[in-house]
Amino acid sequence: MDGFRYLDGVATLRLADAACIGCGRCEEVCPHGIFAVAEGKARILDRDACMECGACAMNCPTKAISVTPGVGCAAAIMNGWLSGSKPSCGCGG
Amino acid sequence: MNGGCCAPPTSKTVPCCGGGSLPMTVIRYEDSYVDGQVETPAGPVPRVHSRIESRDLLGRWKVRWGIGRDRYRVRPGLYALGAPDGNAPVLVTANYKLTFDIVRSVGAGLDAWILVLDTRGINVWCAAGEGTFGTEEVIRRVAEARLSQVVVHRRLILPQLGAPGVAAHEVRKACGFSVVYGPVRARDIRSFLEAGMTASPAMRRVVFPTMDRLVLTPVEITGSLRPAGWAAVGLFLLAGVGPGVFSLGAAWERGFTAVAALAAGILAGAVVTPVLLPWLPGRAFSVKGGLSGVVLAACAVLWQRGSLHTPAALALLLAMTAVSSFVAMNFTGATPFTSPSGVEKEMRRALPVQAGMTVLAGLLWVGGAFLR
């Protein structure tokens with residue numbers, strides 16, 4: 001994403017090569033163009049650009065992709081720490 | 001095949017075939033966007049127009065300032081745009097009125113069906129993250145609207161940003177409709193349809209232009225009003241502490257300066273930082289926010305240098321930087337490129353620094369009163 005990058009080396013995105021059937025759904029749904037399919041297999045082009053939205057893992061028919069999706073807002077994470085539960089926030093923008 | 005429309009009924013799905021009478025659809029004309037109805041084999045479907053009227057604009061403005069956003073909803077279900085027939089595309093969207101308005105306005109001149117999911121008035125992306133724009137809701141609405149009787153094809157066009165909540169292969173398995181992910185932005189729907197339902201790489205990427213960042217800032221401000229109000233009360237009380245134990249005059253005079261600094265810090269974090277986001281150095285939002293805060297604070301201190309003692313000036317610099325840094329960190333939730341893992345890592349590092357700066361600012365502020 002031009003002009004924007006967040007912290008490196010934190011994304012939880014993983015792709016299990018053996019399970020990938022190269023269907024291309026991940027390439028279709030990723031809003032940051034992280035995947036590319038070539039020769040029947042998907043590849044991660046830029047893991048650090050991942051925002052962990054979970055679209056790829058959700059739409060992978062063979063569960064080849066794993067990522068820990070969540071809410072990326074500080075208030076939600078703080079609520080989660082304080083209440084000891086999953087981060088949550090009401091957002092509507 | 002007409003698809004697996006007869007999936008085993010569960011508490012969450014509604015069987016759409018195999019008996020039962022046609023649904024009694026009541027067209028609600030009090031909804032200002034409904035101006036007629038279209039007859040279908042599954043009963044009448046309300047028809048929406050594509051005009052954006054002054055009340056829609058007022059509603060949009062109120063939502064941007066956080067007024068009644070949870071109530072800004074459209075009744076879920078199937079709607080007709082233009083004069084769609086059995087071959088017309090089906091666009092799936094959220095029942096957040098702002099989103100619905102965009103879809104019907106960009107669809108001016110199109111003949112299409114709009115299937116509105118119940119996302120409790122939340123936009124597509126957030127709702128997908130929360131799971132309300134989700135696989136089960138799609139399946140349920142397709143069945144409830146008897147979509148398999150309304151259209152002859154078996155295809156749904158979902159917004160790409162709904163993908164975190166919807167498993168396309170599960171939808172197909174459960175109701176026979178295949179999912180095509182449309183463009184990220186509703187304004188590309190027309191080009192997407194004209195290109196035979198293919199999205200160009202540019203249509204598939206999220207971008208975050210200045211205007212998009214700017215429209216998100218009012219809600220950042222209104223969101224910080226309540227904690228800021230309490231902080232202001234605390235600052236007025238703190239400002240009165242001095243050699244004479246407590247002075248109402250000092251509370252007013254010094255309190256006013258402190259609250260102005262708080263307001264400036266919030267402004268730096270909630271407006272200046274989001275707008276200047278791509279140009280502020282650093283990756284962490286707390287760093288970007290801290291920088292806008294310290295620059296703004298330095299200007300304020302220089303401007304007021306005649307009336308400020310060194311400890312008070314230092315306190316203002318530290319406090320405004322900390323407030324701006326903290327508020328800017330919260331903007332991570334509104335951006336389309338920060339990851340939860342990253343935000344958590346940033347917070348673990350930034351919070352102790354912000355807290356330390358605030359405590360130090362408080363000590364300097366109160367201590368300064370005794371040195372005067």
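1. Contact between the chains. In this predicted model, 52 residues of chain B are in contact with 39 residues of chain A, where contact means heavy atoms within 4.5 Å. Local features need pLDDT of at least 70 and side-chain atom pairs count only at pLDDT 80 or more, whereas totals for chains, interfaces and linings use all residues; side-chain values use heavy atoms, without hydrogens and water. Residues are numbered from 1 along each chain as its sequence is written, and chains are lettered from A and ligands numbered from 1 in the order in which they are written.

2. Buried area. About 3900 Å² is buried between chain B and chain A, and carbon and sulfur atoms give 62% of this area. Buried area is the accessible area (1.4 Å probe) that two parts lose on being put together, summed over both. Of the area that chain B buries against chain A, 18% comes from Arg283(B), Phe337(B) and Pro340(B), more than from any other three residues.

3. Chain B and chain A have 2 salt bridges between them; the term requires a side-chain nitrogen of Lys or Arg within 4 Å of a carboxyl oxygen of Asp or Glu. Arg204(B) forms a salt bridge with Glu28(A), with the closest N and O atoms 3.8 Å apart.

4. Elements on the chain B side. α3 (124–130), α6 (168–175), β7 (178–181), α13 (310–330) and α14 (340–371) of chain B each give two or more residues to the side that touches chain A. α14(B) gives the most, with 10 residues. Helices (H or I, at least four residues) and strands (E, at least two) are DSSP runs, numbered from the N terminus.

5. His49(B) lies in the loop between β2 (43–48) and α1 of chain B. Why does His49(B) count as buried? Because its relative accessibility is 6%, and buried means under 20% relative accessible area, exposed over 50%, partly exposed in between (1.4 Å probe, protein chains only). The His49(B) side chain reaches the backbone nitrogen of Arg51(B) at 3.1 Å. Leaving out residues up to four places away in sequence, His49(B) touches Ser32(B), Tyr33(B), Asp35(B), Leu81(B) and Arg104(B).

Conventions: Polar contact = N/O pair within 3.5 Å; in protein donor to acceptor, adjacent residues only side chain to side chain.
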